[in-house]
Amino acid sequence: MSNSSSSDQFDASAFLKQVTTQAGVYQMYDGEGTILYVGKAKNLKNRLSSYFRSSGLAVKTRALVSKIQHIEVTITSTEMEALLLEQNLIKQQRPPYNILLRDDKSYPYIRLTQQDEFPRLSMHRGAKRKSDRYFGPFPNVGAVKSSLAFLQKTFRTRQCEDSVFGNRSRPCLQYQINRCTAPCVGLISAEDYAQDMRHVEMFLSGKSQELISELVADMERASENLEFEKAAVARDQIAAMQKVQAQQVIEGGIGNLDVVAYVQKNGVVCVQVLYVREGRILGSKSHFPKVQLLESDEEVFKSFLEQYYLQGTERDYPREVLLSQPLTGLEPLADALRQQLGYTIVFQNQCRGQRNKWLQLGKNAAAENLQARLVSKQNVQQRFEALQQVLGLEQMPERLECFDISHSHGELTTASCVVFDGNGPLKSDYRRFNIEGITAGDDYAAMAQALERRYTRLQKGEGVFPDILLVDGGKGQMTQAREVFAELGVSDVLLIGVAKGSTRKAGFETLLLGDSGRELSLDSDNPALHLIQHIRDEAHRFAITGHKQRRDKKRRTSRLEDIPGIGAKRRKALLHHFGGMQGVEKASIDDLARVPLISKKIAEEIYGALHSH
């Protein structure tokens, strides 16, 4: 049942006299028939009357009321039906005064191709094929990549593109580093590969304990048959699985829950969601819903929960939701989810033990992320707008990249790539490149190699292209960047060189614009210059940090590298066995001889080399 009221000047008094006291949904429209707001109520008359009282309305609510020319109500038999109808209307109509969240259609999955003789694992978004199997959704790309990396390292199944797989004549690097069994060139049978893939499916389906038991049986069977290499593979897989389980904390067999923490400050809201599955935190995501109308924190929090859990089409629903604060009136949401899922999701905010630790983690993350947003978002936005203005761009850039080079007298050259977006540094997209095969100290060649490696991957779809590429250096570095882009066919990225200027002091940088070649100097107080300095300095810091890590690592291992007959495998075995170079140096000959791959003779040579001075 529906009714409505409309006129040149909305007559609230007449409308409220005839509106029902039953439960239902109301839709508010302006004079042009554009939807403004969708809401629900246990008692429509009481709820709608609250909008038209003479005093006590918030500024945003008054702004909404001033635009209302037409209200439609739809009566429902229960609060639960009103809630479901409200969420469907919000999703379809996207009213400007409602809290609006991103649809989960773009949440990532792991796809397993089932039509191939040697199936492939990959990350997937978008429409799904009936012929393939999908696991997820995962909370973010990082959770997918982490899972894929673990599966590749543990079960060595392929993740390469079909075009690569079908054209291999010899094993690739993944086989060399023991992360693939090279089915592309027939180094594993279809039956053995299918067994590995079945183990992958068990892991992704949450059957970790069953999988470990099966691997133990496989290891024992292989040992009895004197198939020691096969037994060693099973042993390593068991160790990897047990390491994952050691990071999990499952209380009472239940560890399938969401932690939802709410915090509000200065009119900005952050809702942090932690995804805990099988006792392991798979990911964490911050939501910043735009609060257009709702007044109290409880209303905003409830509205978020209703939209988040009812509008997700393929969400991985938990059995339990831990809330950062008590909420009343969640029964309609729980009833709707029970009807939709066939089981009850418990919403609660009282917990102990590990659950309380997860809840505190969510609260802390929400508070920190909100504070970072308040401090940096306006500042970063202002700087991006200033950069758009000084460059004369039609649209504000959304993503910037900057490269820098670091080395010690030409040795252990490291290149950095840092990424900024509208929220500042996007550290999850930072990358480093260990530069090899160039003349020592040739920064131009180092920059060319780093750019070629980075943008070759982007051309293959392994990342997002920036709007602007900043290169720390003068015309020589810009020339390298232009040549790499020309060779790779990259044309939609604006190149900008950041030269230090004649004084070589901060604040006097000169910008070299790659599209025109002209030079541009900005005032030292220009926000655009501050943004460029920030990303340039961050690239410099990230490059130096990477170089120092490589240098320190070499210092820790160089004494072993100088000993004849001690290759990478023996060095790794020694360092792993003794926990580092210090332990190796303290070891006796007998201790050294106990390490796999180290004979008594080699142990004597190692001991002599380390103690010859």
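A: We start with accessibility: a residue is buried under 20% relative accessible area, exposed over 50%, and partly exposed in between, using a 1.4 Å probe and protein chains only. The model is predicted, so local features need pLDDT of at least 70 and side-chain atom pairs count only at pLDDT 80 or more, while totals for chains, interfaces and linings use all residues. Residues are numbered from 1 along each chain as its sequence is written, and side-chain values use heavy atoms, with hydrogens and water left out.

Q: Is Arg198 buried, exposed or partly exposed?
A: Arg198 has a relative accessible area of 35% and is therefore partly exposed. This residue lies in helix 8 (residues 190-204). Helices (H or I, at least four residues) and strands (E, at least two) are DSSP runs, numbered from the N terminus. Arg198 is 43 residues from Phe155 in sequence, and their C-alpha atoms are 10.0 Å apart in space.

Q: How many helices and strands does the chain have, and what share of its residues is buried?
A: The chain has 20 helices and 20 strands. Of its 613 residues, 45% count as buried. Contact means heavy atoms within 4.5 Å. Among contacts in the chain with a separation of 6 or more, 61% come from residues 24 or more positions apart.

Q: How are two packed helices described?
A: Two packed helices are described by the angle between their axes and the distance between the axes. Axes are lines fitted to C-alpha atoms, for helices over the stretch in contact, and angles run from 0 to 180 degrees between N-to-C directions. Angles under 35 degrees count as roughly parallel, over 145 as roughly antiparallel, 65 to 115 as roughly perpendicular and the rest as oblique.

Q: At what angle do helix 4 and helix 11 pack?
A: Helix 4 (residues 79-93) and helix 11 (residues 297-310) pack at about 75°, and their axes are 10 Å apart. Helix 4 is therefore roughly perpendicular to helix 11. Helix 4 contributes Leu83, Leu84, Glu86, Gln87 and Ile90 to the contact, and helix 11 contributes Glu306, Gln307 and Leu310. By class, this contact has four nonpolar, two polar and two charged residues. Ala, Val, Leu, Ile, Met, Phe, Trp, Tyr, Cys and Pro count as nonpolar, Asp, Glu, Lys and Arg as charged, and the others, Gly among them, as polar.

Q: How does helix 4 pack with helix 12?
A: The angle between helix 4 and helix 12 is about 75°, with the axes 8 Å apart. That makes helix 4 roughly perpendicular to helix 12. Glu79, Met80, Leu83 and Leu84 of helix 4 meet Pro332, Leu333, Asp335, Ala336 and Gln339 of helix 12. The classes in this contact are six nonpolar, one polar and two charged.

Q: Which residues of helix 12 are buried, and what covers them?
A: In helix 12 (residues 331-341), the buried residues include Pro332, Leu333, Ala334, Ala336 and Leu337. Their cover includes helix 4, helix 11 and strand 12 (346-348). Gly342 follows helix 12 and has a positive phi, near 85°.

Q: How is the length of helix 14 checked?
A: The expected span of a helix is 1.5 Å times one less than its number of residues. Helix 14 (residues 443-459) has 17 residues and should span 24 Å, which agrees with the 24 Å between its end C-alpha atoms. Just after helix 14, Gly461 takes a positive phi of about 90°.

Q: What does the side chain of Gln272 contact through a polar contact?
A: A polar contact is a pair of N or O atoms within 3.5 Å; within protein, one must be able to donate a hydrogen and the other to accept it, and residues adjacent in sequence count only if both atoms are side-chain atoms. The side chains of Gln272 and Ser286 form one of 2.6 Å. Gln272 is found in strand 9 (residues 268-277) and counts as buried at 3% relative accessibility.
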